[in-house]
Amino acid sequence: KADYKVQPGDAREDSPLWKPDKFPEVLGFVDGLKDICEKYHCTQPQLAVAFLLARGSDINVICGARRVFQIEDAGGRCGAGRERCEGDTGSNGKDWPVGSRGGTAMKKILNEDTSKVVEEMLSGYLKAYERYYDRVGECNAYLAKRRRRDKVALIIGGGSGHEPMFGGFVGEGLADGVACGNIFASPNPQLITETAKAAEQGKGVLFVYGCYAGDNMNFDMAEEMCDFEDIKTAHVRVRDDCVSAPRERWKDRRGIAGMAYVIKVAGAACDAGLELEEAVRVTEKARDSIATIGVATSPGTIPGNDKPAFELGEDEIEFGMGIHGEAGIERTKMQPADKLVDRMYAELKSELNLREGDETAVLVNGLGSTPLLELDVVYNELRKHLDMDGIKVFDSEIKTWCTCQEMGGFSITFLKLDDELK
C-alpha cells in the first residue's frame, strides 16, 4: 500500500540489504514491476524486486524463490550469502539444485570454498595469458591488450560456467572486453559499466550477450549508467536457440552456441571502423540469420552442489535443452548419430528456410564432455545432408565453445550467409 510505513521488523537488521532509508523508495516502485517484467522478458517478479533493490547501489542481488541467496560487490565478487534452498531459481527460471560440497559431492577439481571459484578461475587464466589481457582493476573483467584503437568498443559478457564462452572470445577481431558473472548468473550492472568505461574510446560501446532475463536487465541498467557518463551505447541480444520459443515469440528465445558467430561478426564490424549504428545493423543481421539446436545426453553440475543441474535416465536424451539445463522440447531414448542429426538438421533447415545454392557457416559444438571423435561423426552425418540438398558450406568448425560444465551432448549452429556477412 502506498501509505505503508516500513517497520524495523520487516527485515533483519543484520541483513546486507538492510537500508531503512531505501525501503520506502522500493515500495514506491511496486507499480513499475509489471513494466519491468515485460521490458526484460522476465517471468519472475522476485527477480525484478531484487534488481530494484540493487539499482543505484554498489551491490548485485541474486534472488531465490523465497529469499536472496547471494550478494556481490560491484566487481562481481561474492560477499555475504547462504546455501541455496530447494525452490530457489536463477535468472534462467529453473530450480537450483540443492546441496553443498562434502559427503557425496560430485567429483570436481576445486578448492573447498567454492564461492570463490570464478575469482580463482579468472586469476589462473589471466596469469597464464597475461601477455594477451589486462584485468579491469579488481573486477571479474578483462580487456584485450592488442585491441584496435579509435573504434567502437565491443563488450560481451554473461554467467561463468560456459567456458570458453564468454571469456575465450576476447582478442583481435573479436570482443575488446568481457564482464564475467558468477556461475550461471549475469554480471552485475556496475561490473559491466566499469568494463565499458575501460574499453571505450569515444566511438561508443556495443554490448553483445545472450537473451536471458538477468542479462537483459543488468546490461540495460549498465547502459543507463553509461549514459550518465556520456558514453553512447547499443546492444544486440542473441536468440539463436530456435526451439526455446515459437517464431511468434522469437524475442523470448535464448542465446546459446550461435553467440560465437555473432561475436565474430560484431568484432569484425567494429574493427573495420564502422560507426556504432552501422555495427549494430550488421550484428543484428548476423543474429537474425542464425539458428541453433542442441541435444543433451548427460547433465552438468554447478560447482558446490551434490546433484546435477538436471536428471536424465541412462538411456535418455533431450532435444532442445538449454545451456543451464532449461527444459527442451522432447525427451526420448538414445539414438544413433545419424538419427539425431536427421532430426536436428530438419529443424534448422526449416527455421532458416535454407534452399539449394544457399551458403552457410556451420558449427558443431560440444556441450562439455562429448569427445571430439563423436563430434566429428556428427559433422560427417550433417555434411551428407548439406551436400545432398545443395547447400554450400563456406566455413565450418567442430569445437567445444559453449558448454554447461561437464554436460554431455552437442549443438548444431547454422549461419546463413550473404556477401556482407562472409
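The largest nonpolar core has 60 residues. Those with the most contacts inside it are Y142, L154, I156, M165, V170, L206 and V208. Helix α7 supplies the largest share of this core, nine residues. A nonpolar core here is a set of buried Ala, Val, Leu, Ile, Met, Phe, Trp, Tyr and Cys residues joined through side-chain atoms within 4.5 Å. Buried means under 20% relative accessible area, exposed over 50%, and partly exposed in between (1.4 Å probe, protein chains only).

This is a predicted model: local features need pLDDT of at least 70, side-chain atom pairs count only at pLDDT 80 or more, and totals for chains, interfaces and linings use all residues. Residues are numbered from 1 along each chain as its sequence is written, and side-chain values use heavy atoms, with hydrogens and water left out.

V208 touches L154, I155, I156, G157, V236, V238, V262, I263, A266 and T283, not counting residues up to four places away in sequence. Contact means heavy atoms within 4.5 Å. A second, separate core has 26 residues, including V295, F319, L348 and V364. In soluble globular proteins, nonpolar side chains tend to be buried together.

**Helix α10**

Helices (H or I, at least four residues) and strands (E, at least two) are DSSP runs, numbered from the N terminus. Helix α10 covers residues 372–388, 17 residues in total. At 1.5 Å a residue it should span 24 Å, and its end C-alpha atoms are 24 Å apart, which agrees. The expected span is 1.5 Å times one less than the number of residues.

Which residues of α10 are buried? They are L375, V378, Y379, E381, L382 and L386. Seen down the axis of α10, the buried residues fall within an arc of 165 degrees, so they line one face of the helix. The arc is that of the directions from the helix axis to the C-beta atoms. An α-helix has 3.6 residues a turn, so residues three or four places apart point the same way.

The buried residues of α10 pack against α9 (337–352), β13 (359–366), β14 (392–399) and β15 (408–417). The face turned away from the buried side carries the exposed residues L373 and M388. G390 follows α10 and has a positive phi, near 75 degrees.

**Salt bridges**

A search of the whole structure finds 30 salt bridges. A salt bridge is a side-chain nitrogen of Lys or Arg within 4 Å of a carboxyl oxygen of Asp or Glu. Among them are these pairs:

| Pair | N to O distance |
|---|---|
| D271 and K151 | 3.4 Å |
| D315 and K333 | 3.1 Å |
| K422 and E359 | 2.6 Å |

D271 and K151 are 120 residues apart. D271 sits in helix α7 (residues 259–271), and K151 in the loop between β5 (141–144) and β6 (153–160). D271 is buried, at 16% relative accessible area. K151 is also buried, at 2%.

D315 lies in the loop between β10 (290–298) and β11 (316–319), and K333 in strand β12 (residues 330–333), so the pair ties together parts 18 residues apart in sequence. D315 is partly exposed, at 39% relative accessibility. K333 is partly exposed, at 48%.

K422 is in the segment after β15 and E359 in strand β13, 63 residues apart. K422 is partly exposed, at 38% relative accessibility. E359 is partly exposed, at 22%.

Salt bridges that share partners also join E278, R281, K285, D418 and E420 into one network.
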